[in-house]
Every structure is written in structure tokens, then in C-alpha cells.
Amino acid sequence: MENITYNSIVLQVEGFKVTKESTEYAFFLFFFSYIVIMILNLGILAIIAIDKSLHQPMYLLFCNLPVSDIVGCTHILPRLLSDMLVPPSERLISYYECVVQAFTTHMFGTTSHTVLMVMAFDRYVAICNPLRYANIMTSRMIIKLTVFAWGVPFVWVAVLLGLTIRLNRCRTLIENPFCDNASLFKLSCESSVINNIYGLAFTVVLLTSSIGSIVLTYSKITAVCLTSKSKSLNNKALQTCSTHLVVYLIMSFSGVSIVVLHRFPQYSEYRKLSAILFVMIPPSLNPIIYGVQSREIQKFLSEKFCPPLL
């Protein structure tokens, strides 16, 4: 029997399987979360832009994180909200829009790692080489680190999606709340061995490089703190690095959960939940965690909202 390939331009998004009674609650939960994410991330960007004392390499590099969070959430959550208001059969998306959403999704996930890597490098220089910090972390270096944080993910994700769009499609159902690479190549009836190999290599290289750089950086920072008699240096290092690690661990756990659960179709609903949590939790926690640990941001907020009484 001859196989027939259908390269349909219109795809259907499976979305969440929730009861009609739960749809309204889920909608308002996601909508409220999106509003909170936007307020917090735009707020932290505005604070850094307004307060000239925050125009430092650490905060300028950190700006890449809320920008990535805003772009990723805006390209995923509004579409998810609109899909929740219509029946499953009407949750349609064009193939080209789906590819763009998948590209944005993976850029969002990958830049989260690379931005934290360059921020770890900044903290390493600041704590381990404080006298050379100004000479190393110049405007030129900040530009290079920013280009690295966005350029490397762009190339990796472009190759990832390029391998997927070459495949002919014989299915039309996206088995996910939103489009990603795995959901796209599952539409094909052709062999996706190359996609699986590259996807696995992509994940291993990303996690290995990010975990390796974080471990190496903070090991050296810890060594400096153990040999230093400066309590202020040790407290600053502990405060900065602990919050950085919390953000990294939350993001890594969410991301790895999605990759692992994609290999187990029987746990599709858990995978969908993990995918949404990856989009919602780190972007909502990043501004809070970094805002709480930053004395400069605390000072700015206290001066604006809690002025001293005359």
C-alpha cells in the first residue's frame, strides 16, 4: 500500500484536557500569572534603566534575562489563553506560525542558560579578581557576552528547527499546549533519528556547558571566600551566588522534566504541566529573587515608595 504524505498548512493544538468547570479557573490563573510576569519583568527593566547607579555590568547582563522571559511568555501564554476559550477542535494554528513559536520557545529556554552563564562569569571576576574587574568587564566585554548569550542559542536552535522542517508531515495534531521542536517532528512519518540525535546532543552540550561553567565558577568563588578574612566579601558572595543558584536549579529542573517526559507518552499531561511551569515559574521568580538580594534595587524601591518622613 502506497504511503501518502500530507503537508497540511493548518495544525491542531491539543492543549490542556480540563473539564468545563475548571476552564475558567485555569484561564484566570494563567492570565493572572502572565500579568504578574509582565509587571515584574518590565518593572525590573525600568528600574535598571532609570537608576544610573544600576548601570553596572552585573545588572546590564541581567537585563537579558527579563527580556528573554518577556519574549518567551508573550509568544506562548496569550495564545494558550485564547485556545482555552474555544473547543479543542477549533484550536488551530498555521504550520509557519507553529515553527516560529517553536523557535521562540527554544530560544527562550536556551538563552535562560546562556544568560546565567555570562552572569556567573561576571560574579567570578567581581569576587575573584576585584582589582581587575573594571579593566575586564568593559563595555566591549559586555557586548561580547551579550552577543554570546543570544548568538549561540540562535545558531543551535536554527539548526534544530532546520532539521525538523525538512521532514514531510502526515499528522496535524500538536500534542502539547504550544509548539516545540519535539511536537513538530512527531508530525512526520519519516525517520527522525537525526532529529533525536541532534536534540539529545543539543541538550547534553547545553546542560554540560552550563552546569560545568556554574560549578567551576562557584567552586573558585567558594575557594576565594574560604581563604578570605573579609566578612563583607563572604556575605556578598554568599548572597549573590545562592540566589543565582536557586534560579538556575529551578530553571534546570523544569527544563529537564520536559525533555524526559517527552520520551514517555503515557505521562503527556504531566509533560504539559511541566512545559507551562517552565514558562511561568522562572520568569515570575527571577525579578523577585534578584530584586530581593540586590541592595541597590532595594534602596531604589525604598526611596520611591517609602520616602523618609520629615
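This is a predicted model: local features need pLDDT of at least 70, side-chain atom pairs count only at pLDDT 80 or more; totals for chains, interfaces and linings use all residues.
Which helices each supply at least two residues of the lining of the largest cavity? Keep that one in mind while you go through these notes.

1. **What you're looking at.** The mean pLDDT of the protein is 83, and 89% of its residues reach 70 or more. Among the elements, α6 has the highest mean pLDDT, 94, while helix α9 (residues 231-261) has the lowest, 70.

2. **The overall layout.** You'll find 11 helices and three strands here. Walking from the N terminus, the order is β-α-α-α-β-α-α-α-β-α-α-α-α-α. The protein has 310 residues, and 46% of them count as buried.

3. **A helix pair to look at.** Find helix α4 (residues 95-128) and helix α6 (residues 139-165): their axes come within 8 Å and cross at roughly 145°. The crossing is right-handed. Sorted by class, the contact between α4 and α6 holds 21 nonpolar and four polar residues, with no charged ones.

4. **The largest cavity.** The structure holds five cavities of 30 Å³ or more, and the largest has a volume of about 580 Å³. Its lining is made up of 33 residues, and the closest to the centre are His-106, Thr-203, Gly-255, Ile-258 and Val-259.

5. **Back to the opening question.** The helices that each supply at least two residues of that lining are α4, α7 (181-185), α8 (193-227), α9 and α10 (268-293). Helix α8 gives the largest share, eight residues. By class, the lining of the largest cavity splits into 17 nonpolar, 14 polar and two charged residues. Do remember that α9, one of these contributors, is also the element with the lowest mean pLDDT.

6. **The second largest pocket.** Now for an open site: the second largest pocket has a volume of about 240 Å³. Of the 16 residues lining this pocket, Phe-16, Val-18, Val-86, Pro-88 and Arg-91 are the closest to its centre. Helices α1 (20-50) and α3 (64-84) each supply at least two lining residues, and α3 gives the most, with three.

Note on methods. Residues are numbered from 1 along each chain as its sequence is written. Side-chain values use heavy atoms; hydrogens and water are left out. Axes are lines fitted to C-alpha atoms, for helices over the stretch in contact, and angles run from 0 to 180 degrees between N-to-C directions. Helices (H or I, at least four residues) and strands (E, at least two) are DSSP runs, numbered from the N terminus. A crossing is left-handed if the near helix is turned anticlockwise from the far one by less than a right angle, and right-handed if clockwise. Ala, Val, Leu, Ile, Met, Phe, Trp, Tyr, Cys and Pro count as nonpolar, Asp, Glu, Lys and Arg as charged, and the others, Gly among them, as polar. pLDDT is the predictor's confidence in each residue, from 0 to 100. On a 1 Å grid over the protein atoms alone, a cavity is a set of points where a 1.4 Å probe fits but cannot get out, and a pocket is an open set with protein on both sides within 12 Å along at least five of seven lines; lining residues have an atom within 4 Å of a point. Grid points are joined across faces, edges and corners, and a volume is the space filled by probe spheres set on the points. Buried means under 20% relative accessible area, exposed over 50%, partly exposed in between (1.4 Å probe, protein chains only).
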